[in-house]
Amino acid sequence: SGTSFAVKPAPQEPAEIAERICHLLLHSRQAQQMGANGQRKVETQYSWQQITERTIWAYQRTLDSSVT
């Protein structure tokens, strides 16, 4: 049906959410690819290493701004 998954469906639009779920149930290859993409994103952007680096950056930025 030409459904685009580039933008998340609006939570107040249950028909749109249902349409996308049905689409994924009928297109298992696309659903698997989306799942793999999501897992890869979580592993790279939300790893403990990334969280540590962002925390250090935030603390350093705060310390740098309080020195001036």
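Residue Q45 has its place in helix α2, which covers residues 28-45. The model examined here is a predicted one. Is Q45 buried, exposed or partly exposed? Its relative accessibility is 36%, and Q45 therefore counts as partly exposed, because this class lies between the limit of 20% for buried residues and that of 50% for exposed ones. When neighbours within four places in sequence are left aside, Q45 is in contact with Q50 and R54.

Helix α2 also packs against helix α1. The axes of the two helices are 5 Å apart, and the angle between them is about 105 degrees. Helix α1 is therefore roughly perpendicular to α2, since angles of 65 to 115 degrees fall in that class. On the side of α1, the contact is made by H23, L24 and L26; on the side of α2, S28, Q30, A31 and M34 take part. Of the residues in this contact, 4 are nonpolar and 3 are polar, while none is charged.

How many salt bridges does the structure hold? There is 1. It joins E16 to R20, and the closest N and O atoms are 2.9 Å apart, which lies within the cut-off of 4 Å for a salt bridge. Both E16 and R20 belong to helix α1, residues 14-26, where they stand 4 residues apart, or about one turn of the helix. The two partners can also be described by their accessibility. E16 counts as partly exposed, because its relative accessibility is 28%, whereas R20 is buried, with a relative accessible area of 12%.

Note on methods. Residues numbered from 1 in each chain as written. Predicted model: local features only at pLDDT ≥ 70, side-chain atom pairs only at ≥ 80, totals over all residues. Heavy atoms only, no water. Salt bridge = Lys/Arg side-chain N within 4 Å of Asp/Glu carboxyl O. Buried < 20%, exposed > 50% of the residue type's maximum accessible area, 1.4 Å probe, protein only. Contact = heavy atoms within 4.5 Å. Axes fitted to C-alpha atoms, helices over the stretch in contact; angles between N-to-C directions. Parallel < 35°, antiparallel > 145°, perpendicular 65-115°, else oblique. Nonpolar A, V, L, I, M, F, W, Y, C, P; charged D, E, K, R; others polar.
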